[in-house]
Each structure stands twice: as C-alpha cells, then as structure tokens.
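Welcome! Please take a look at the sequence and fold below before reading on.

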Amino acid sequence: MVTGDITFHTRKWVRPEDLNANGTLFGGSLLRWIDEEAAIYAIVQLGNGNAVTKYMSEINFVSSAQQGDLIEMGLTATEFGRTSLTMRAEVRNMFTRQSILTIEKIVFVNLGPGGLPAPHGYTEITYDRDRVPHEHLRHVEEPSPVHEVS
C-alpha cells in the first residue's frame, strides 16, 4: 500500500483496557476503532449519517503496539459507487512509524428512508465539511439488511 495518499486524522492512545493476553494491542479494539473512523469518514463523504459497513477485505496485521503507544489511523476514498463508498485504511505506530495493519477495501452503503440502499450522487472526495449533515440523525425504523452494492 502506498501511504502517500492516506491522510492520518485519528490518533489513539493504547491503554490497559485495549491489550490482549500478550500485553499488546487487542485486534478487536483496533478493528472497532477503524470501523468507527470509517463510519465517520463515510458520513462526511456521503453527507448522510445513515451509512453502514457492508464489507471489509482481508485484514493484514503486520506489527502491533504496546500500552502507552500512540497509533494513528488513516483512510482514503478509492471509489464511489452509485449507493456505496469504498475506502482503504492503514494504521501505524506514531513512535516507531511501523505499519500495524492495512485494509485494502472497506465498503459502506448509503441508506435512504426505510434502511434501503440509496444513491448518494457523489463521485469525488471532499476535504471540507460541506456534506456533513446539519442535525443529529434519528434512528431509522426497522432497517432492512443490505444485499447488494452498486
């Protein structure tokens, strides 16, 4: 993965509750953080708080972090589908600069009323906040499972 096109926006401090039995960063904690960051990124890019994770490709852990380390997570949009946004992610240790993990493909689907996939109308990355919803979104009533990505 080329890191030059990923902007690192989110940083986390590895704390005792984030550790596994080996005393290193628990993969489940890291994946939770990535999914949350990807959801926020999708909301900004699609202008809709009703976007859901559809797919994550192979996750390649190449190193870890220890208690007290600072890690940074970066995402970039790689493709806009009719109802979807595909991005890739990298996480690295700020102290060692080593890559911890890469995910080449994370797909989010834009949902409309009723929880069904809906066209979002975007084709390019935004670096502004112009697409951020202007009010807190309410829970969508009985969302349907997503079956296909366009």
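The model is predicted, so local features need pLDDT of at least 70 and side-chain atom pairs count only at pLDDT 80 or more, while totals for chains, interfaces and linings use all residues. Residues are numbered from 1 along each chain as its sequence is written, and side-chain values use heavy atoms, with hydrogens and water left out.

**Salt bridges**

- The whole structure holds 4 salt bridges (a side-chain nitrogen of Lys or Arg within 4 Å of a carboxyl oxygen of Asp or Glu).
- A network of salt bridges links R11, E72, R92 and R97.
- In the bridge between R92 and E72, the closest N and O atoms are 2.6 Å apart. This pair links distant parts of the chain, with R92 in strand β5 and E72 in strand β4, 20 residues apart. Strands (E, at least two residues) and helices (H or I, at least four) are DSSP runs, numbered from the N terminus.
- Both R92 and E72 are buried, where buried means under 20% relative accessible area, exposed over 50%, and partly exposed in between (1.4 Å probe, protein chains only).
- E72 also bridges to R97, with the closest N and O atoms 3.0 Å apart.
- E72 counts as buried because its relative accessible area is 3%, whereas R97 counts as exposed because its value is 52%.
- E17 and R15 form a salt bridge too, their closest N and O atoms being 2.3 Å apart. E17 is exposed at 51% relative accessible area, and R15 is partly exposed at 39%.

**A loop residue with positive phi**

- R97 sits in the loop between β5 (84-93) and β6 (99-110).
- Phi of R97 is near 65°, a positive value in a residue other than glycine.

**The largest pocket**

- The largest pocket holds about 360 Å³ of space. On a 1 Å grid over the protein atoms alone, a pocket is an open set of points where a 1.4 Å probe fits, with protein on both sides within 12 Å along at least five of seven lines. Its volume is the space filled by probe spheres set on the points, which are joined across faces, edges and corners.
- Its lining has 19 residues, with H9, Y41, V44, Q45 and T126 nearest the centre; lining residues have an atom within 4 Å of a point.
- Elements giving two or more residues to this lining are β1 (7-13), α1 (27-46) and β4 (70-80). The largest share, 5 residues, comes from α1.
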